[in-house]
Amino acid sequence: MKKLQFLLLVCILTFTVSCGQQKRYVSYKVQEGETMRDIADRLDMSTKDLLRLNPDVGRRPDANTVIVIPNPKLKKGTSSSTTSSTENDTVTSETKDDETSSENENQTEDTVFQQTIVEYETHEVQKGETVYRITKQYGITKDDLIRYNPEYTNIQSNNLSIGQILKVKEIKKTIIVDKEDILKNFLTHTVKSKETVYSLTRFYNVSKDDLIRLNPEYPGIVDNNLSIGQLLKIKPIEQVNESENYTFYKDSISQGTSINLAILLPFKADEYTEKSSKEIFEGNQLANMVTDFYLGAEIAIDSLKQQGIYINASIFDTGNRGNNISDILNSNQLDYTDVVIGPFYSDKAEDVARGVDAPVIFPHYSSKQDKFSSSKLVKTSPEKSKYTEYLATYLKDSYKDQEIFVVGDDEANTKNQISAIISELKKHDSISTIHVLKPEKGYIKRERFTSKMSTKRHNWVIFASDNNVVVADALNSMIGLPDDVKVQVFAIDKTEEAYSRIDNNKLADIDFTYVSNTFTDEDASETKAFNKKYLDRNNTIPSDYAIKGFDITYDVLMRLASGDDLSSTFKKGVSLRVENKFDYRKKMFGSTSNEGLFIVKYNRDLSLSRLR
């Protein structure tokens, strides 16, 4: 198959180049199933370079997407002048022959363009100064002062505060921007409609200060102002992780959209008919999970309806262990469904997928989900093997001469995780020694750590084991180390069994860092809006399952509201909702998996920071 794709690629390139008279860049139409990495490999170039040429194209573009690639017939070092068309970053660069290039050698390349930016002269308010006095001093009007300083609403009523820094004069400057240089050296983002500074900093996990520092040509960022088409530098290219999907899924609603939704959950109503609420929910984990999930999904449906999306939601009780599912399928009530959320039981998921023509969303993690084979199934929780890969990649990318320890045990799963971590870390040229420690006679002596720990280098301790005894023993060895020994502890997953009894203050003292499939930014407007709606409606704060119900339902329905089929939206980028990240990858012959993960660290004040 790869050989056939390669021959097809060569044929297309040959045709394009023959018509292009030695173009430096040529167009290429993406084939079904191709990724940017596939194309880059065949062109003997890095994926990063190909993505920089096509900043508006994700790592998994749709079939028939037209991208720009280097002309493979051009020899390295050939002199060329290049042109770039419009703000869409579509490069149509051409190499001139000697006569033409000599005539135009003094002309400015179109990838290098002039841009006018606005900066401001400022004034610090002194005692006794008034709005009138300042406007006269700088030759501006009061309306100018208000327009320059929208954050100071007191100007309208002629009130000022001593020490206020006011913008008092616009200074327009013309700068030279080399787009090609920017694309080469930075991860970039072209601003689209309705995007905000906050939404971009949240998605790319960068600070507003970093965005301001990297983009001095856009001073409006300070006041949270963006313009459609602005090319923003997000982070230096050396900080970009190749395995991370940086394509931002943009919500869109197709006019007149209607969606038929079916939710299959084990409410077990017949079983609970004669029971009180206390009898149903007290100590009943499943009943609480199912109810909370539904309450979250209900808010998602209402939120989308308020945005003009017609949603016909049908709720089905699948009964105890999914016993009602056969009857639901046989009743043909799911025949015209656009998407199914549920069932809860993994052993029933394939049955539902076989019985409907719509995508089936499996709503939580199951250890059996890696056995799913139906192409209709969509797994919303990442596989546990992805946690190990994600942490190992993060550590490799973040390595700066640390001493590395891996804590394990003799379980087969732990051994596999240790092997995967070491294999990834050894890809770093500077990592040669990794200390693997396992319990001897039931525990790990502190001296086995301290004898190898460096006082001149930071020390990383990676927990591959989730055995609660091994974890507690190793953590105790990290507590009370000498002040000159700096340690950061990492875990593949902060499991309930291993960490529920560990004091959070102890975890904060060792900069405990772990992989998680959820992260909540309490300052996010989405988080505040959902929490308020949930509290108003249910008189309590939302549980993790309530947030999961909201996030999954909102994400799936919003993607369908675009008018595209669900699988094609998965190729268009990653979405961040209240607590969950959805980065869907589809197997060639199998189900679709979410690989949305975070690296989270405990801070000394017990708050959490997202590192990736």
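Helix H12 passes helix H22 in a right-handed crossing. The model is predicted. H12 covers residues 285–306, and H22 covers residues 544–560. Their axes lie 6 Å apart, at an angle of about 40°. H12 and H22 are therefore oblique to each other.

On the H12 side, the contact with H22 uses Met289, Asp292, Phe293, Gly296, Ala297, Ile299, Ala300, Ile301, Ser303 and Leu304. H22 answers with Tyr545, Ala546, Lys548, Gly549, Phe550, Ile552, Thr553, Tyr554, Leu557 and Met558. By class, this contact holds 14 nonpolar, four polar and two charged residues.

H12 also packs with helix H21, residues 525–538. The axes of H12 and H21 come within 11 Å and cross at roughly 115°. Angles of 65 to 115 degrees count as roughly perpendicular, so H12 and H21 are roughly perpendicular to each other. This crossing, too, is right-handed.

Which residues of H12 make the contact with H21? They are Asp292, Leu295, Gly296, Glu298, Ile299, Asp302, Ser303 and Gln306. From H21 come Phe530, Lys533, Tyr534, Arg537 and Asn538. Four nonpolar, four polar and five charged residues make up the contact of H12 with H21.

| Helix pair | Axis distance | Angle |
|---|---|---|
| H12 and H21 | within 11 Å | roughly 115° |
| H12 and H22 | 6 Å | about 40° |

Conventions: Residues numbered from 1 in each chain as written. Predicted model: local features only at pLDDT ≥ 70, side-chain atom pairs only at ≥ 80, totals over all residues. Heavy atoms only, no water. Axes fitted to C-alpha atoms, helices over the stretch in contact; angles between N-to-C directions. Helix = DSSP H or I, 4+ residues; strand = E, 2+ residues; numbered from the N terminus. Parallel < 35°, antiparallel > 145°, perpendicular 65-115°, else oblique. Left-handed = near helix turned anticlockwise from the far one by under 90°. Contact = heavy atoms within 4.5 Å. Nonpolar A, V, L, I, M, F, W, Y, C, P; charged D, E, K, R; others polar.
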